[in-house]
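Let's take a walk through a protein chain together. Have a look at the sequence and the structure, and then read on.

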Amino acid sequence: MVKQLITALPDPLSLLFNSFLSVGRIPSSYRKAIITPIKGPSSDPANYRPVSLKSVLGKIMERVIAEDMVTNIIITNASQHSFLSKRSTLTNLLESINHWTISVENKHQNRLAYIDFSRAVDSVSHPKLLRKLKSYAIDGTLLEWIADFCQSVYTV
């Protein structure tokens, strides 16, 4: 339905989302999610993570805010590849291979460490995240909204 109404939705959604941001709270209907197992038997609690089916409008609001934040925050680390447009694990790998090749050609040693961050999102310290966002001048009702979102991440 949202795809069919794409030309009519921007103005009403903008008003709706701005009203949510103005009070720094997420509607309770946006907090509800169906948590599903990510792998293995559903009888094992370790197979459940907050990979969830959520409100389409809530996802749209999250995407709009995330895109705006990424475009307005200066990325200080040029080697960052995750969560950025046109950058991925593949571009990171290609860039790394290029550096390693140059290093080998110049007879320098290379050191390599593989780190699995697959569950890193699950263990993000929300207070630290909020402090970091504040250091990027994200504050006021937007920071309150994000804090409210952090509290609702595990709501079923």
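This is a predicted model: local features need pLDDT of at least 70, side-chain atom pairs count only at pLDDT 80 or more; totals for chains, interfaces and linings use all residues.

## The overall plan

How many helices and strands are there in the chain? The chain holds six helices and two strands, where helices (H or I, at least four residues) and strands (E, at least two) are DSSP runs, numbered from the N terminus. Residues are numbered from 1 along each chain as its sequence is written, and side-chain values use heavy atoms, with hydrogens and water left out.

Of the 156 residues in the chain, 19% count as buried. Buried means under 20% relative accessible area, exposed over 50%, and partly exposed in between (1.4 Å probe, protein chains only). The chain has an accessible surface of about 11,900 Å², computed by the Shrake-Rupley method with a 1.4 Å probe; for residues, only the protein chains shown count as cover. Carbon and sulfur atoms account for 61% of that surface. As for contacts (heavy atoms within 4.5 Å), 51% of those between residues at least 6 apart in sequence join residues at least 24 apart.

Now to helix H1, which covers residues 10-23. At 1.5 Å a residue, its 14 residues should span 20 Å, and the end C-alpha atoms of H1 are 20 Å apart, which agrees; the expected span is 1.5 Å times one less than the number of residues.

Which residues of H1 are buried? They are Leu13, Phe17, Phe20 and Leu21. An α-helix has 3.6 residues a turn, so residues three or four places apart point the same way. On the face of H1 turned away from the buried side are the exposed residues Asp11, Leu15 and Val23. After H1 comes glycine 24, with a positive phi near 70°.

## A closer look at phenylalanine 17

Phenylalanine 17 belongs to H1 and counts as buried because its relative accessibility is 8%. Leaving aside residues up to four places away in sequence, phenylalanine 17 touches Tyr30, Leu57, Ile60 and Met61. Valine 64 is 47 residues away from phenylalanine 17 along the chain, yet their C-alpha atoms are separated by 9.6 Å.

## The cavity

A search of the whole structure finds one cavity of 30 Å³ or more. On a 1 Å grid over the protein atoms alone, a cavity is a set of points where a 1.4 Å probe fits but cannot get out, and lining residues have an atom within 4 Å of a point. The largest cavity contains about 50 Å³ of space.

Its lining is made of Ile26, Tyr30, Lys54, Gly58, Met61, Glu62, Trp145 and Phe149. Helix H3 (56-72) and helix H6 (140-152) each supply at least two of the lining residues, and H3 gives the largest share, three residues.

## Two loop residues

Lysine 107 is a residue other than glycine with a positive phi, near 60°. Lysine 107 lies in the loop between helix H4 (89-105) and helix H5 (126-135), and is exposed, with a relative accessible area of 76%.

Alanine 137 is not a glycine either, and its phi is positive at about 65°. Alanine 137 is found in the loop between H5 and H6, and counts as exposed at 60% relative accessibility.

How values were computed
On a 1 Å grid over the protein atoms alone, a cavity is a set of points where a 1.4 Å probe fits but cannot get out, and a pocket is an open set with protein on both sides within 12 Å along at least five of seven lines; lining residues have an atom within 4 Å of a point. Grid points are joined across faces, edges and corners, and a volume is the space filled by probe spheres set on the points.
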